[in-house]
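Here is a short note for a colleague who is opening this entry for the first time. Please keep the sequence and the model side by side while reading.

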Amino acid sequence: MAIVKPIKVRVGNLAGLRAVLDYIKEDRKTQNGALVYCKDLLKGKEYQQMVITKRAFHKDTGRQYAHFVQSFDPRDNVSPELAYKIGQEFIKRYEPFQGFQVMMAVHTNEPHMHIHYIVSSVSHENGCKWQSSPEDLKRMRSLSDELCLEHGLSVIEHGRKGHRSYGEYSQTASWKRQLAQDIANNLAISHSRADFIHRMENIGIDADVGEKSALFTIPAGVYGLQSERKCSNWKLISYGDFTTENMRNTWNCNAGLARIGGSDMQLLQEVLLELGQLHCPDTPDRYQDMYFRDIPFDGMTKQEIEIALSRKALDSMLEKARQAHEKAKAESRQAGLLLATIADTLAEVLRWQEEQRQNAPNHDDYTEYEEENEYEL
């Protein structure tokens, strides 16, 4: 994948333009200039020609250039030659660059391959000043993703909201990445808001979960932070579905799973195993391991309360799960799929159990058992 970000440029003079051009084309960073490319400029005379254009239109004051950096994920192992090719295609295909002088340089001096683009602030065709909006930046990033896909590189999943900085992608120790992972881990095994807050407190993080948003306070020392930081759930959306709605759905589902697991362990195992085989056939025990690790089975006897499930009822449940999976896959919506299929499956189980209870002889013990195990997802 590649991350495109603008570099803030202050209003300056022509000396600043010369300095940035000299910086990005340094021989030690660009294989002795082999990775420098110029559009509508003579190589080696970039600064002089940009100045000629500015003075021809009497616009040699104010902001002198725009600066963008396109950085590639180290895991994609992008070669300097491929980066250079992508950079050339990016300049040719990004329409707003047309009419402006552009200098590009691929830098190989960092662990991540990256490209610098310097755009002169004055069009050599009509003298118009360079303009760029947030929508233009979105188009740049979209074109970058398109080029990455064409060359077999990974891209960011845009189905999720939120934008991560390049540092969050390139640094495995990013504190936001670690926070998101800890939230996901504790969310997966908590059964209520209070349970979740308590688990986050145990790892030193204060979680304030409201109706529509959540705020996490990370004290100095945690994740290697030098000072206290605050982060809302909306800042973590690019890492997963951390909306409060999904949190509540997770707690309700986990509470239901724990309740049914406490009374009928075999039924819970069957449900999670079937869903595991459907959703992740390579690791079918994944969901069993995820949910069983926090259910207090210790001390329970092996004797189980057996509730007969007909093959027809089970087939019906699995067919619903398959349909939900295919629908989500077709719409490219993976977030919340597991919760939706588990919730539908358990709801079907409970409806079937209720039918069996109503048709069964009216024994007090059996009735009490059923009433104790009813719940709403």
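1. The model is predicted, and local features need pLDDT of at least 70, side-chain atom pairs count only at pLDDT 80 or more, while totals for chains, interfaces and linings use all residues. Residues are numbered from 1 along each chain as its sequence is written, and side-chain values use heavy atoms, with hydrogens and water left out.

2. Five strands form an open sheet in the order β1-β3-β5-β4-β2, with antiparallel pairing, where strands are DSSP runs of E of at least two residues and helices are runs of H or I of at least four, numbered from the N terminus, and two strands pair if DSSP finds at least two bridges between them. Because β1 (2–7) and β2 (36–39) each have a single partner strand, they stand at the edges, and one side of each is left without a neighbour in the sheet.

3. The pairings can be followed strand by strand. β1 and β3 are joined over six bridges in the antiparallel sense, with Ser71 in β3 as the bridge partner of Ile3. β3 and β5 pair over seven bridges, again antiparallel, and here Gln70 is opposite Ile115 in β5. β2 and β4 pair over four antiparallel bridges, and Val36 is found opposite Ala105 in β4.

4. In β3, eight of eight residues are buried, that is, under 20% relative accessible area with a 1.4 Å probe and protein chains only. Tyr65, His67, Val69 and Ser71 point one way from this strand, whereas Ala66, Phe68, Gln70 and Phe72 point the other way.

5. Helix α1 (residues 14–24) has Leu14, Leu17, Val20, Leu21 and Ile24 buried. Viewed down the axis of α1, these residues fall within an arc of 125° and so line one face of the helix, the arc being that of the directions from the helix axis to the C-beta atoms. Their cover includes α2 (46–56), β3 (65–72), β4 (102–107) and β5 (114–120).

Note on methods. Buried means under 20% relative accessible area, exposed over 50%, partly exposed in between (1.4 Å probe, protein chains only). Contact means heavy atoms within 4.5 Å.
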